[in-house]
Amino acid sequence: MVAALTTQLVCSAAIVRSARPSGLSRALPLRRRVTLRVANIAAPAEDMLVGQPAVVPPFEGGKRLANAPPFTLQDMRDAIPAECFEKDTFRSAAHLALDVGIVAALAIGAYTIGNPLVWPLYWFLQGTMFWALFVVGHDCGHQSWSNNKTLNDFVGNIVHSSIMVPYHGWRISHRTHHANHGHVENDESWHPIVKSNYEKLDKWAKLGRLLFPFPLFAYPFYLLNRSPGKNGSHYDPKSDLFTASEGPLVETSNKFQCAWIGFLAGCTVALGPLAMLNLYVLPYWVFVVWLDVVTYLHHHGPSDPEEEVPWYRGEEWSYFRGGLSTIDRDYGIFNKLHHDIGTHVVHHLFPQIPHYHLQKATEAVKPIMGDYYREPEKSPGPIPTHLFEPLRRSFARDHFVDNTGDIVFYQQDKNLKL
């Protein structure tokens, strides 16, 4: 029997292939390669079978979660309690009211005190609250703030205009990001640059995008001109970002922006340029840094320095696998201040879930995801100082990807320096 089994093992290797399903279920390619390796033909059959891997992954060495996972998007959806998808307009409005109240209290308090030693603390706190307001508008854009689309868009326009973000322009491009997350060419924000385009950039363009901390001030410029290699503006109704039917929506957001600029001009006349610099302009740039840090860390810089995040093309990309490449983060005391935006994997795959249900939904899917869930590194205290290292490390080495290949990883330009 042993001899017969040995002969069979030596002469055959089983390759199991299942047909690739269509539609969203393409998120889970079902190809599996089963290989039995025989090191010594004279070895007993039981020695050959013990310890041999049933599945040989195409990516070996390091930590690359790029292989098709052994679960589906529907498996995750089924694990999430139904109540996590329920939207409570009153609850959403209460969160917004609290945010607006804090913004007003900070501004009134700092202006009343008027102490130069207080202003830096105010800039940071108010910039953080501006970021919280952005997350509210972000939820409106996903229609997770309420079940009423008109109300969502009205609130989103007001909230985003108050922090100089064109609501509909950003909402539409962000929708493109969610629909193509993890795709090298089609993703919209913080997507990688392919090697050929990277080599075309001049030194200062490379430094501005990749040399820490310059990229942390990129958001306003992205709204105006998008990322390298992409054309258009979030303010232009005729931009390639938008369809013809979406152009009027962009114009509506531009009108909200103009009204807000007029309000700021009136405040500047009433209070003086220096007061407005302290009350609004400097907190705005703190908000920009928050936005760039958080959105970058959602897609780059795993806490484990040996892990590499995959980017996909062609047949290997799917909505599902792209979403699994996103990263959850712990922001310490800021988790609740910015409405649990750090629970990003579930948000990316199921953006209709309101922010106040994201943690519960995440806990529900973690047993399904197993190793494909990157457990966020805990903040060492109220201030998430632990995030500085992965941020710095990623900007130092995640520079470009290959021009070809359906699964690629970042490469480093070792000559990139001041």
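In the predicted model, a salt bridge joins the side chains of Arg-175 and Glu-246, with an N to O distance of 2.8 Å. This pair connects distant parts of the chain, since Arg-175 belongs to helix α7 (residues 167-179) whereas Glu-246 lies in the loop between α10 (219-225) and α11 (247-271), 71 residues apart. Arg-175 is partly exposed, at a relative accessible area of 41%, while Glu-246, at 9%, counts as buried, the cut-off for burial being under 20%.

A search of the whole structure returns twelve salt bridges, among them one between Lys-360 and Glu-83, whose closest N and O atoms are 2.8 Å apart. Here too distant parts of the chain are linked, with Lys-360 in helix α16 and Glu-83 in the loop between α3 and α4 (89-113), 277 residues apart. Lys-360 is partly exposed, with 43% relative accessibility, and Glu-83 is likewise partly exposed, at 34%.

Helix α16 comprises twelve residues (358-369), and its end C-alpha atoms are 16 Å apart, in agreement with the 16 Å span that follows from 1.5 Å a residue. Leu-358, Ala-361, Thr-362, Ala-364, Val-365, Lys-366 and Met-369 are buried in this helix, and its buried residues pack against α3 (73-79), α13 (319-324) and α15 (344-349). Within α16, Lys-366 and Glu-363 are separated by about one helical turn because they are three residues apart, and their side chains meet in a salt bridge of 3.3 Å, N to O. Through salt bridges with shared partners, Glu-363, Lys-366 and Glu-375 form one network. Just after the helix, Gly-370 adopts a positive phi of about 60 degrees.

Methods. Residues numbered from 1 in each chain as written. Predicted model: local features only at pLDDT ≥ 70, side-chain atom pairs only at ≥ 80, totals over all residues. Heavy atoms only, no water. Helix = DSSP H or I, 4+ residues; strand = E, 2+ residues; numbered from the N terminus. Expected span 1.5 Å × (residues − 1). Buried < 20%, exposed > 50% of the residue type's maximum accessible area, 1.4 Å probe, protein only. Contact = heavy atoms within 4.5 Å. Salt bridge = Lys/Arg side-chain N within 4 Å of Asp/Glu carboxyl O.
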